[in-house]
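Morning, everyone. I have one structure to walk through today. Let me put it on the screen.

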Amino acid sequence: MALAPTHLCTQCGSQVWPKTITPGSFLMELLLWLLFLVPGVIYSIWRIASRYKGCPVCGGKSCIPLGTPAANAIMAHLEVR
Ligand SMILES: [Zn+2]
């Protein structure tokens, strides 16, 4: 993949390309649908509603764009360690 990372994860310090993360598991969703219909519907809605763009490395929710002062400050801090 030739794409350069666009974001910095403030939780693990990785330079990443944020990906859409859906919480929960598909298996759990399937099980709820088969056993109890209503919780299955609620679970599906919850999963879609709580989707977020996050770090593909650690799953952290706080990715900030590279090149911003905040990102530069964090990177400078990481290089010191
Ligand atoms: Zn991360």
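Start with the sheet. Three strands form an open sheet, ordered β2-β1-β5, with antiparallel pairing. The edges are β2 (15-16) and β5 (63-65), each pairing on one side only. Strands here are DSSP runs of E, at least two residues; helices are runs of H or I, at least four residues; both are numbered from the N terminus. Two strands pair if DSSP finds at least two bridges between them.

A word on the source. This is a predicted model, where local features need pLDDT of at least 70, side-chain atom pairs count only at pLDDT 80 or more, and totals for chains, interfaces and linings use all residues. Residues are numbered from 1 along each chain as its sequence is written, and side-chain values use heavy atoms, with hydrogens and water left out.

Back to β1, residues 7-9. Three bridges join β1 to β5, and the two run antiparallel. Look at Leu8: it stands opposite Ile64 in β5. As a reminder, strands of a sheet pair through backbone hydrogen bonds, either parallel or antiparallel.

Now the metal. Which atoms coordinate the zinc ion? The SG atoms of Cys9, Cys12, Cys55 and Cys58, at 2.3 Å. Donors are N, O and S atoms within 2.8 Å of the metal (3.2 Å for Na, K and Ca); water is not among the atoms, so sites may look incomplete. The four donor atoms subtend angles of 105 to 116° around the zinc ion, so the arrangement is tetrahedral. For four donors, that term asks for all angles between 85 and 135 degrees.

The donor spacing in sequence is C-x2-C-x42-C-x2-C. Cys12 sits in the loop between β1 and β2, and Cys55 in the loop between β4 (52-54) and β5; this pair links distant parts of the chain, 43 residues apart.

Cys9 is at 0%, so it counts as buried. Cys55, also at 0%, is buried. Cys12 is partly exposed at 32%. Cys58 is partly exposed at 39%. The structure holds zero disulfides, a disulfide being a pair of cysteine sulfur atoms within 2.5 Å.

On to the helices. The UniProt record, an unreviewed entry, annotates residues 26-46 as "transmembrane region". Such annotations may be inferred rather than shown by experiment. In the model, residues 26-46 are 95% helix and 0% strand. The end C-alpha atoms of that stretch are 12 Å apart.

How many salt bridges does the structure hold? One. The term means a side-chain nitrogen of Lys or Arg within 4 Å of a carboxyl oxygen of Asp or Glu. Arg47 pairs with Glu29, and their closest N and O atoms are 2.4 Å apart. Arg47 is in helix α2 (residues 37-49) and Glu29 in helix α1 (residues 26-35), so the pair ties together parts 18 residues apart in sequence. Arg47 is buried, at 11%. Glu29 is buried as well, at 15%.

Two distances to finish. Gly13 is in the loop between β1 and β2, and is partly exposed at 23%. Gly13 and Leu37 are 24 residues apart along the chain, yet their C-alpha atoms are separated by 41 Å. Val16 lies in strand β2 and is buried at 5%. Val16 and Val57 are 41 residues apart in sequence, and 7.9 Å apart in space, C-alpha to C-alpha.

Methods. Tetrahedral: all angles 85-135°; square planar, octahedral: opposite > 155°, others 65-115°. Buried < 20%, exposed > 50% of the residue type's maximum accessible area, 1.4 Å probe, protein only.
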